[in-house]
Amino acid sequence: RLNTDRESLTLFGKVEHDAGAAVLRGSLLHVGNAKGIAPESHIEPGDARFWRYPNTRFTLGSLAAQAERAAMGGMVDVQGVAWGQLHHQQISQYPDARFQVANEIQDDDDVSGGLRLGVAFERAERLIRVRTDLLASQHDQTDVDQRDLSSVVSTESSYQLIQGGVGAEWEERLGAGRKWLVGGGVGVEGVATPKTGDKPPRDPQVSWTASLTTGTRIGATSLRLSAARKVRFPTPRELFGEAIGRFLLNPDLRPETIYQSELTASTSTRSATLEAAVFARRSTDAIDQLRVRVDGVTLRQRINLDGSRTIGVSLNGTARANRLTLSANATLQHSEGKTDDGWQARTEVPSFTSFAVATYRARGFSLGLDARTVAGMRDAPDVDGSRSRLDGGTRIGARASHTWFRRRGSLEAFARVDNALDTAVFPQAGLPLPGRTASLGVRLSGNL
């Protein structure tokens, strides 16, 4: 695959302190990488884009606290987390596959911060939870057009996002043996974009959420039935991201409202667990894609469908035998959206996904083998209404490690290979996932 090389370095550390009245946690993650993006293989070479991400840096830090104490005849649990994030990336677009001199460059700098606070009160068989969360993000973007080196054009723009919500949930066990579970919740979510760069301003948007649940136990089997109303606001990328000429923006993009119901059955033994679920979803203003022709160029545009519907089943299980652990999950679903031409398959939504992993551990050694499968995806409708299938497949991975244990800590060295068989999987038309990837690392943990 042309231009799918990737180099990445990840550093992660966390610390935890039990202060008696509260538990304090802190973590810091830094990722730096450089990578290429495969040219679209489904179109004529002269129309394909040649991209690289020569410099991407991501840093995330978080502080969390948790305290629990007896009060009002029950237990009160308070949890809070605050986090901050810095992200920089450069996108370079080249005129051809030689990747020598970029003709367009996009520099992005993001600063984000968030806060989440939750309080839970539990007494007897009743649990009440309330929560609030807030996210604020600033995105500064510089676009440089140097197709004509004698007249380089540079433009700058800034975007802001503020998103938050409040909610409350309640659960209670009833009946003989407290086998029946009932519960529900309500919430309010909102989003505002005070800065929209060179794009039209948008009004703040607010919506509500709700959920109901009931369940029971029959022997070793638990049954749960739930229903919920959820909302998904368009992301800043969906609202303002043009991806250097790949998308035509839609200033009228609206939030998606989702109505979901699910029936779940689960059971377990000393060495195995199994969960099965049947689910159904209906949505209004579902966010999808189509392709449009503008000035002789084919672009993608995000749109709101008249509605969408999804039905599916999922299985999730684990099994343990001596030193071997097996776990797997799979989802089979049918999802379609309502268009002017009737009901059609949703864009880039798989009809089947699965993940399975087998892990063997012995005397500090660990060996794992995993498989990820995705299938049954469709591309966005073309200008003439035709659609193409996206190639799915199974990606095999392997991981080997050795851990040295000491009285106050441990040291683990590991090696991993992803997509060991170099399988080509296309979640988007003409854009395959990375090929065979190898990584090495160490992990140190201990008590002070």
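How many nonpolar, polar and charged residues does the lining of the second largest pocket have? In this predicted model, that lining divides by class into 11 nonpolar, 11 polar and eight charged residues.

The largest share comes from β1, with 13 residues. Strands β23 and β24 also pair with each other. Their pairing is antiparallel and runs over 10 bridges. Within this pairing, V417 stands opposite A438 of β24. Strand β24 has 10 residues, of which one is buried, so the strand lies largely in the open.

One cavity reaches 30 Å³ or more. The volume of the largest cavity is about 70 Å³. Its lining consists of L161, V191, A192, T193, R202, D203, P204, Q205, P234 and L239. By class, six of these lining residues are nonpolar, two are polar and two are charged.

Aromatic contacts were examined next. A pair of aromatic rings is described by the distance of the centres and the angle of the planes. The count comes to four aromatic pairs. For Y94 and F99, the ring centres are 5.4 Å apart and the planes stand at 70°. An angle over 60 degrees counts as edge-to-face, so the pair of Y94 and F99 falls in that class. Both Y94 and F99 are buried. Together with F50, Y94 and F99 form one aromatic cluster.

Two arginines sit over tryptophan rings. The charged end of R229 is placed over the ring of W208, at 4.0 Å from the ring centre. R309 lies over the face of W343, where the distance to the ring centre is 3.8 Å.

F99 is located in the loop between β4 (74–94) and β5 (104–123). Its relative accessible area is 17%. The limit for a buried residue is under 20%, so F99 counts as buried.

A positive phi also occurs at D295. The value there is about 50°, although D295 is not a glycine. D295 belongs to the loop between β13 (287–294) and β14 (297–304). With a relative accessible area of 77%, D295 is exposed.

Along the chain, A319 and A400 are 81 residues apart. Their C-alpha atoms are separated by 20 Å.

Technical notes. Residues numbered from 1 in each chain as written. Predicted model: local features only at pLDDT ≥ 70, side-chain atom pairs only at ≥ 80, totals over all residues. Heavy atoms only, no water. Phe/Tyr/Trp six-rings, centres within 6.5 Å; stacked < 30°, edge-to-face > 60°. Buried < 20%, exposed > 50% of the residue type's maximum accessible area, 1.4 Å probe, protein only. Lys NZ or Arg CZ within 6 Å of the ring centre and 35° of its normal. 1 Å grid on protein atoms, 1.4 Å probe; cavity = no way out; pocket = protein on both sides within 12 Å on 5 of 7 lines; lining within 4 Å. Points joined across faces, edges and corners; volume = space filled by probe spheres on them. Nonpolar A, V, L, I, M, F, W, Y, C, P; charged D, E, K, R; others polar. Helix = DSSP H or I, 4+ residues; strand = E, 2+ residues; numbered from the N terminus. Pairing = 2+ DSSP bridges.
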